[in-house]
2 protein chains.
Amino acid sequence: MSSSEQAAAPGRKLAHPAREEIRLEAVLHALADRVRLRIVCELADGHTDMACMTFGLPVSKSTSTHHFRVLREAGVIRQHYEGTSRMNRLRSDDLEVLFPGLLRAVLRAQRQSAPATP
Amino acid sequence: MSSSEQAAAPGRKLAHPAREEIRLEAVLHALADRVRLRIVCELADGHTDMACMTFGLPVSKSTSTHHFRVLREAGVIRQHYEGTSRMNRLRSDDLEVLFPGLLRAVLRAQRQSAPATP
């Protein structure tokens, strides 16, 4: 558990699987969606923590929240609060240790198949 | 379309997406399942066409048929009939052209996370 999670108020605690709890099927399921692939690509390109609201996704706020939750619960992203913003980062290191080359291959495939996302 | 498909009786024709119709999300969804990952690993290890019944999956026949259909419709495997047996092979070449390294990374991850499947 990260320090930001420990410091969060109880109602704002965000559950994350530990590295050893991350399952390949769950990661593949989390990535098997157009919107979630876009989120993952933008996080990979951004090289920094990004607030949910900065993605400009073509879905409602509740649907967007759902997609980020699927990614977090599968172990693909880590989320924490900064003020009222929910910030996101890819768990690239955890995924690379568990499934070497997988995230890179997915990102490359996604960029090839959807190169221009405005 | 393969020659075996063209020769099949109409009721036994099996639909496959052309290479350019294969979508990353559909492939990831097809792979996001324990039983389907096992099928894909066994096909990769077998290096030959394998009949559905040879896999010895821990599911009912209808569930097994469903899993093979999901893999076929996503473009992960190609199926054809030999007599009454439905034979399966991985579309490794198509997937490698479309999504370089993806199938290899998934197979490696699956073997690491579930090394012993009796």
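At roughly what angle do the axes of helix α6 of chain A and helix α6 of chain B cross? Here are my notes on that and the rest; bear in mind that this is a predicted model.

1. The α6 pair. Helix α6 covers residues 102-113 in chain A and residues 102-113 in chain B, and the two axes come within 8 Å and cross at roughly 155°. Angles over 145 degrees count as roughly antiparallel, so that is the label for α6(A) against α6(B). As for handedness, α6(A) goes past α6(B) in a left-handed crossing.

2. Who touches whom there. On the chain A side you'll find A:L102, A:A105 and A:V106, and they meet B:L102, B:A105 and B:V106 from α6(B).

3. Chain A in outline. Chain A has six helices and three strands. Reading from the N terminus, the order of elements is α-α-α-β-α-β-β-α-α. Of its 118 residues, 46% are buried. If you take the contacts in chain A with a separation of 6 or more, 65% are between residues 24 or more positions apart.

4. The sheet in chain A. The three strands form an open sheet in the order β1-β3-β2, with antiparallel pairing. The edges are β1 (50-51) and β2 (77-82), each of which pairs on one side only. Between β1(A) and β3(A), the latter spanning residues 85-90, there are two bridges in the antiparallel sense. In this part of the sheet, A:A51 sits opposite A:M87 of β3(A). Helix α4 of chain A (residues 61-74) packs on the sheet and touches β2 and β3, with its direction at about 120° to that of β2(A).

5. The sheet in chain B. Which strand order does chain B show? The order is β1-β3-β2, again an open sheet of three strands with antiparallel pairing. Its edge strands are β1 and β2, each pairing on one side only. Two bridges connect β1(B), residues 50-51, to β3(B), residues 85-90, and the two strands run antiparallel. The β2(B) strand, residues 77-82, is joined to β3(B) by six bridges, also antiparallel.

6. B:M87 is a handy residue to start from when you look at β3(B). B:A51 stands opposite B:M87, and B:H80 stands opposite B:M87 too. Elsewhere along β3(B), B:L90 has B:I77 opposite. While you are tracing the strands, remember that side chains in a regular strand alternate between the two faces of the sheet.

7. The hairpin. The β2(B) and β3(B) hairpin has two residues between its strands, and B:G83 takes a positive phi near 65°.

8. Helix α3 in chain B. α3(B) lies across β1, β2 and β3 of chain B and runs at about 80° to β3(B). α3(B) also packs against α4(B), residues 61-74, at an angle of about 70° with the axes 10 Å apart. Since 65 to 115 degrees counts as roughly perpendicular, α3(B) and α4(B) are described that way. The crossing of α3(B) past α4(B) is right-handed.

9. The α3-α4 contact in chain B. From α3(B) come B:V35, B:R36, B:I39 and B:V40, and these meet B:H66, B:H67, B:F68, B:V70 and B:L71 in α4(B). The tally for this contact is six nonpolar, two polar and one charged.

10. B:D33, a loop residue to look at. Where does B:D33 lie? It is in the loop between α2 (24-31) and α3 (34-46) of chain B. Leaving aside residues up to four places away in sequence, B:D33 touches A:E25 and B:H67. B:H67 also turns up among the α4(B) residues that α3(B) meets. For a sense of distance, the C-alpha atoms of B:D33 and B:A105 are separated by 16 Å, and the two residues are 72 apart along the chain. B:A105 is also one of the α6(B) residues in the contact with α6(A).

Terms used:
Residues are numbered from 1 along each chain as its sequence is written. Chains are lettered from A and ligands numbered from 1 in the order in which they are written. Side-chain values use heavy atoms; hydrogens and water are left out. Axes are lines fitted to C-alpha atoms, for helices over the stretch in contact, and angles run from 0 to 180 degrees between N-to-C directions. Helices (H or I, at least four residues) and strands (E, at least two) are DSSP runs, numbered from the N terminus. Angles under 35 degrees count as roughly parallel, over 145 as roughly antiparallel, 65 to 115 as roughly perpendicular and the rest as oblique. A crossing is left-handed if the near helix is turned anticlockwise from the far one by less than a right angle, and right-handed if clockwise. Contact means heavy atoms within 4.5 Å. Two strands pair if DSSP finds at least two bridges between them. Buried means under 20% relative accessible area, exposed over 50%, partly exposed in between (1.4 Å probe, protein chains only). Ala, Val, Leu, Ile, Met, Phe, Trp, Tyr, Cys and Pro count as nonpolar, Asp, Glu, Lys and Arg as charged, and the others, Gly among them, as polar.
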